[in-house]
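Here are a few friendly notes to read alongside the structure. Keep the view open and take the points in order.

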Amino acid sequence: MDFDLSEEQRLLKESIDGLLTDSYDFDARKKYQKEKGGWSKAVWAKLAEQGLLGLPFAEADGGFGAGAVETMIVMEALGKALVLEPYLATVVIGGGFLRHGGSAEQKAQHIPGIIDGGKTFAFAQLEKNSRYDLGDVAATAKKKGAVWVIDGEKFVVLNGENADTLIVTARTKGGQRDRSGIGVFIVPANAKGVTRKGYPTQDGLHAADITFTGVEVGADAAIGDPENGLPLIERVVDEARTAMCAEAVGAMDESLKATVEYLKTRKQFGVPIGSFQTLQHRAADMFVALEQARSMSMFATMAADFDSAKERATAVAAAKVQIGKSGKFIGQQSIQLHGGIGMTQEAKIGHYFKRLTMIENTFGDTDYHLRRVTDAGGLV
Amino acid sequence: MDLAFSKEEIAFREEVRAFFRDNVPPETRRKMVEGRHLSKDEMVAWWRILNKKGWGVSHWPKEYGGTGWTSVQHYIFNEELQMHPAPAPLAFGVSMVGPVIYTFGNEKQKQQYLPRIANVDDWWCQGFSEPGSGSDLASLKTKAERKGDKYIINGQKTWTTLAQHADMIFCLCRTDTTAKKQMGISFIVFSMKSKGVTVRPIETIDGGHEVNEVFFDDVEVPVENLIGEENKGWDYAKFLLGNERTGIARVGVSKERLRRIKDLASKVEQNGKPVIEDQGFREKLAACEIELKALELTQLRVVADEGKHGKGKPNPASSVLKIKGSEIQQTTTELLMEVIGPFAAPYDVHGDDGSNETMDWTAQIAPSYFNNRKVSIYGGSNEIQRNIITKAVLGL
């Protein structure tokens, strides 16, 4: 049992923290937000330059063969700085599908573009009626000779507006909610029949609703078994959830720090408001919530090595519950303790609240994951 | 970063588990499971079994009978003990006064007291809290006046846990009334059989008798019973309070109770099916388990940190353990109340001394719920823990 970072992991943390301290203060973020697509190509290039976009890929594929802990370190740092760039969509999710399900050809074709920063990905999964159920897929992929023809609508596709490549879930057989008969397909975003309607999200990122109308892709576009893709989807989404837990911990950590700083500097009645016990105890409760969340983020991260897929999934679900609760509490109380200033778009604090709120509602909210843990028979 | 225990640690856990399975008297275990109080004889008998094995004072330095275990081994031992369940070693002797004596006491005191603590030849109790000094402990008024080679002690202590069984007390007494309140306190130990000591029981809301008032009326104590230096008692008290951190979260206790909740909830029916099949109840249970898992991990982080960097000064994260640990313990007793529902009501006028075995054991569920309100009050109330986080962690 060991909770310390290895020497290499410590260096990785220093490197990403350093990069973001230099290039990602809140003013810079506002600037990046106004760039085309809503994030900075220059920052993305820097992340590539430092090898961060290649971290989780096998050395044979040109990556560094890093594990879940390294992703946790990066995501926590990205959460602290409220980074807009599509690391989750591209490296964690897009890369995840390639790593866990991709053929040698698919890896060779797509991974180098991710590592060098040339290409970004998006995961087109959510549908109008699917909510958090990954196995609820109405979009279809039908075999026509040597090609797959994809039809359907996908919503709130993170980085969907800018991505070069889409990973699309579509039904190859069976009914809308059958667990089997779901395929995962690589679709170039500029393929004929793909229509994207992009928009900013509440937390300053960008997403798109995407319509697929008779989109034709080759037989080699399917990742893994086109008739049984759900286990792969669940695995990659669990990694995405785990990464978001770490991102949320970064956001909570910074949110609490900023709030404590504010309590020390803001004066009312002639004294710093941090001298009032009501506010002190609220901040102490935020610290408790943060530490519990940090523990569960580590738990989910280390669960990546569990042998049992069921235990792994339950661990991630449990972490998502804790992160959801802690994130809501810390996010809301950070605003409350800042008072009026916390309500302004100009102050950074509210943006942590917004990102934490969106994280809670991505890939299953607190209630959804509590039900998953319950159905799995609990944790003890 | 690695969550798994090493091969050696797993083997150790098996050894500990097997020892508890083979050596905890079944009747003692049964009473623990059912939330009953144990008699003094039952507790002492078990502690002597533990001491004979060499595990009675596991965390003491080896020269005084400790084991030399790693932080992780201590963690495993406590967790298994709590989960079995079996009574933890008497904290007042083993975790509190013992370490003060081997750290600050003289050679004679070490020889006189330490082996007797380990074997529970003396049952110790703690004389800290007073009627006017709870969270503000340093305001205590019990006075020890030096008269020749004796201290004359007058005053009153309260919330003295199991003083009715005690042979010895370690007591914070004011020896200098002119100094700043923390500076005039001394750490004095003496026999509860001394002339002028009176113990009066306090009945708690569960109907139990755990705590007492203790009165001192011109109690004569030899000056050689002073531990360390006169007027340095506050330092020793702080050392003592910061010393007992492992197990403060009582993760094993809550785990054991969750097991019991599941057991009972699969027997008690509601709407024609066991309570455990009720979705709402199951979700509450799962929510509690998630909180407990997070706490367990937080505790392991503190343990790992201690293992790496030594115990040194108290880790402020232990305040998190106290707050969350007590809240979860209380939640588990609430869940038990929910399972038992209307059958929580009957009150066993005989108490839980085992004299009335015909009374259904469910009679202990409500008292245990009432009794557990204490866990967020004792050992530094949860509000005091928040003060500690505020100062030591957040710097406010």
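1. Val100(B) counts as buried because it has 21 C-beta neighbours inside 10 Å (buried means 20 or more other C-beta atoms within 10 Å of its own, exposed 12 or fewer, partly exposed in between, with C-beta atoms placed from the backbone). Val100(B) belongs to helix H5 (residues 91-104) of chain B; helices are DSSP runs of H or I, at least four residues, numbered from the N terminus.

2. A word on the source: this is a predicted model, where local features need pLDDT of at least 70 and side-chain atom pairs count only at pLDDT 80 or more, while totals for chains, interfaces and linings use all residues. Residues are numbered from 1 along each chain as its sequence is written, and chains are lettered from A in the order in which they are written.

3. Which residues is Val100(B) in contact with, leaving aside its neighbours within four places in sequence? They are Phe187(B), Ile227(B), Tyr236(B), Phe239(B) and Leu240(B), contact meaning C-beta atoms, placed from the backbone, within 7 Å. Ile227(B) is 127 residues from Val100(B) in sequence, yet 8.0 Å away in space, C-alpha to C-alpha.

4. Now look at helix H2 (residues 26-33) of chain B, where Thr28(B), Lys31(B) and Met32(B) are buried. They sit on the same side of H2(B), because they cover an arc of only 100° around the axis, taken from the directions from the helix axis to the C-beta atoms. Pro26(B), Glu27(B) and Arg30(B), on the other side, are exposed. Helix H3 (40-53) of chain B is included in what covers the buried residues of H2(B).

How values were computed: Helices (H or I, at least four residues) and strands (E, at least two) are DSSP runs, numbered from the N terminus. Two residues are in contact if their C-beta atoms, placed from the backbone, lie within 7 Å.
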